[in-house]
Amino acid sequence: MIQIRRLRSLFNNSLTWSFFFNRRFSSQPARLDGKIALITGAASGIGKATAEKFISNGAKVVIADIKEKLGQDTAKQLGPNATFIHCDVTKESNISDAVDFTISLHKKLDIMYNNAGIACNTPPSISDLDLAVFDKVMNVNVRGVLAGVKHASRVMIPQRSGSILCTASVTGLMGGLAQHTYSVSKVAVIGIVKSLASELCRYGIRVNCISPFPIPTPFVIEEMVQLFPRVEEAKLEKMIFDLSALEGTVCETNDIANAALFLASDDAKYVSGHNLVVDGAFTCFKSLNFPLPDQNTIHGES
Ligand SMILES: NC(=O)c1ccc[n+]([C@@H]2O[C@H](COP(=O)([O-])OP(=O)(O)OC[C@H]3O[C@@H](n4cnc5c(N)ncnc54)[C@H](O)[C@@H]3O)[C@@H](O)[C@H]2O)c1
């Protein structure tokens, strides 16, 4: 007991403790033992949750993000199996360098998760579309993803193996859920996955994406603050969670990390070209919102 207490005192935060505990005492085999992952946009939100999940399942992770300080802090928090590299996905050379850095540090790249993305904050009508903003969003959300797949393939093709993941969105599946620019960018991510899986399957490389339902990460909260400037953050979070179609639960970053873990692991060894939608059934139906039936009228007894 005293030893456990001493060990606990070695870990100065609960996150590190939970990593240690999961890795040391979990009865489940680590699903990514020995794997090396590079995740873009991993300083916060979905990317950070996925980095944490991958590490607790035996992987070493390189966190690539444009936010230097936050990225450094995240890597420190996730422990010795996380390393940060500054990377702006709009610069191909930064992505190329991040891949080369991963190879020089770990000698291989098993998993590339192209997750970095931005919101668009454009006016809702197509007639007011600002094409400069469109170009900026496409540069990060589409070109950045494509460049990530390109440079991951550069090192994975000679390995004859690898798992490439991308973050799409439910807004890429249906119109009307986000501004056009963002929706178009996420449709394109789903397209990238299908197109590139067709080539890369020849080299044993799987390419998949995940389409999350809205989650109150910094990215979404910043957008909501602009829409509802007088509403406090906790209320904005609740507004997002209240959108859940699935009774009794809400969509969280950990749900996306679990989907990423599945797709990255050998459990998904024959899954490629797939868009894993994590939305609690939201995009699979529309309701005919009839008024509640008046039993008397229906049975002609009025
Ligand atoms: N949160 C949601 O509701 C939601 C839903 C569907 C899809 N997504 C997608 O999930 C992905 C992750 O977003 P999140 O919700 O975790 O938000 P987030 O803001 O927590 O994380 C996004 C990260 O991407 C980084 N980033 C932004 N531009 C970059 C650039 N040019 N180069 C490198 N890194 C950059 C940011 O610094 C940040 O750390 C995005 O692609 C987003 O479009 C989010």
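This is a predicted model: local features need pLDDT of at least 70, side-chain atom pairs count only at pLDDT 80 or more; totals for chains, interfaces and linings use all residues.
Strand β1 comprises residues 36-40, and five of its five residues are buried, so β1 is largely enclosed by the rest of the structure. In a regular strand the side chains alternate between the two faces of the sheet. In β1, Ile 36, Leu 38 and Thr 40 point one way, while Ala 37 and Ile 39 point the other way, and all are buried.

β1 has parallel neighbours in β2 and β4. With strand β2 (residues 60-65), β1 pairs in the parallel sense over five bridges, and the bridge partner of Leu 38 in β2 is Val 62. With strand β4 (residues 111-114), β1 runs parallel and is joined by three bridges. Here Leu 38 stands opposite Met 112 of β4. Leu 38 therefore counts among the buried residues of β1, a strand in which five of five residues are buried.

The pairing continues from β4 to strand β5. These two strands run parallel and are joined by four bridges, with Asn 114 opposite Cys 166 in β5. Strand β5 (residues 162-167) is mostly covered, as six of its six residues are buried. Gly 162, Ile 164 and Cys 166 lie on one side of β5, and Ser 163, Leu 165 and Thr 167 on the other, so that both faces are covered. Beyond this, β5 pairs in the parallel sense with strand β6 (residues 205-212) over six bridges, and Thr 167 stands opposite Ile 210 in β6.

A right-handed β-α-β unit is made by β1, α3 and β2. Another right-handed unit consists of β4, helix α6 (residues 131-159) and β5. β5, helix α7 (residues 180-200) and β6 also make a right-handed β-α-β unit.

α3 is mostly covered, with twelve of its twelve residues buried. Among these buried residues are Lys 48, Glu 52 and Lys 53, as well as Ile 46, Phe 54 and Ile 55. Gly 58, which follows α3, has a positive phi near 100°.

Most residues other than glycine have a negative phi, and most peptide bonds are trans. Lys 107, although not a glycine, has a positive phi of about 75°. Lys 107 is found in the loop between α5 (92-106) and β4, and counts as exposed because it has 8 C-beta neighbours inside 10 Å. Arg 160 likewise has a positive phi, near 60°. This residue lies in the loop between α6 and β5; with 10 C-beta neighbours inside 10 Å, Arg 160 counts as exposed.

Of the 28 residues around the ligand, Gly 41, Gly 45, Gly 117, Thr 217 and Phe 219 come nearest. The shell divides into 14 nonpolar, eleven polar and three charged residues. Helices α3 (45-56) and α8 (218-227) each supply at least two residues of this shell. Gly 45, one of the nearest residues, is also one of the buried residues of α3. Domain 1 (30-214 + 252-278) and domain 2 (216-250) both give residues to the shell, so the ligand lies between them.

How values were computed. Residues are numbered from 1 along each chain as its sequence is written. A residue is near a molecule or strand if its C-beta atom, placed from the backbone, lies within 6 Å of it. Ala, Val, Leu, Ile, Met, Phe, Trp, Tyr, Cys and Pro count as nonpolar, Asp, Glu, Lys and Arg as charged, and the others, Gly among them, as polar. Domain bounds come from an automatic or database domain assignment. A residue is buried if 20 or more other C-beta atoms lie within 10 Å of its own, exposed if 12 or fewer, and partly exposed in between; C-beta atoms are placed from the backbone. Two strands pair if DSSP finds at least two bridges between them. A crossover is right-handed if, with the strands pointing away from the viewer, the path from the first strand over the helix to the second runs clockwise.
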